[in-house]
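Here are my notes on this model, point by point. Please keep the structure open while reading.

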Amino acid sequence: MEQKNDMAAASMVLGIVSIVLSCCCFLGMMLGSLAVILAALSRVDEMCRQAKTGLITGIIGICVSMLSIVVWIVLLALA
């Protein structure tokens, strides 16, 4: 049975929220970055499932936010 790890749980929640809020360019990127940092800090010996989920969703949130920024820049350049 896995021990309770609050930083891993916070990482998972922040990663999921970063994906949801990735349309708000910088907010999704900040939350995704925090999720990745907390997932890295929560490792003791091995990464638990929540930390892995936080790391993966944080990276996805950062990538989608960066894509959103690029789309906004292109749309503003075409206007």
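1. Burial. Of the 79 residues in the protein chain, 30% count as buried. Buried means under 20% relative accessible area, exposed means over 50%, and partly exposed lies in between (1.4 Å probe, protein chains only).

2. Basis. This is a predicted model, in which local features need pLDDT of at least 70, side-chain atom pairs count only at pLDDT 80 or more, and totals for chains, interfaces and linings use all residues. Residues are numbered from 1 along each chain as its sequence is written, and side-chain values use heavy atoms, with hydrogens and water left out.

3. Fold. The protein chain has three helices and zero strands. Its pattern along the sequence reads α-α-α. Both elements are DSSP runs numbered from the N terminus: helices are H or I with at least four residues, strands are E with at least two. The C-alpha trace spans about 55 × 15 × 15 Å along its principal axes.

4. Contacts. Take the contacts in the protein chain with a separation of 6 or more: 71% of them join residues 24 or more positions apart. A contact here means heavy atoms within 4.5 Å.

5. Surface. The accessible surface of the protein chain is about 5,400 Å², and 75% of this belongs to carbon and sulfur atoms. Areas come from the Shrake-Rupley method with a 1.4 Å probe; for residues, only the protein chains shown count as cover.

6. Nonpolar patch. Which residues form the nonpolar patch on the surface? They are Ile19, Ile56, Ile60 and Val64, with about 300 Å² of accessible area together. Helix H3 (residues 49-78) gives the largest share, three residues. Ile56 sits in helix H3. Patch members have over 30% relative accessible area and no salt bridge; like charges are joined within 9 Å, and nonpolar side chains (Val, Leu, Ile, Met, Phe, Trp, Tyr) within 5 Å. A salt bridge is a side-chain nitrogen of Lys or Arg within 4 Å of a carboxyl oxygen of Asp or Glu.

7. Ala9 is partly exposed, at 25% relative accessible area. Val13 is partly exposed too, at 47%. Ala9 and Ile37 are 28 residues apart in sequence, with 13 Å between their C-alpha atoms. For Val13 and Gln50, the separation is 37 residues in sequence and 9.0 Å in space, C-alpha to C-alpha.

8. Helix H2. Phe26 belongs to helix H2 (residues 25-41). Is Phe26 buried or exposed? Phe26 counts as exposed because its relative accessible area is 57%. Its C-alpha atom is 13 Å from that of Ile73, 47 residues apart along the chain.
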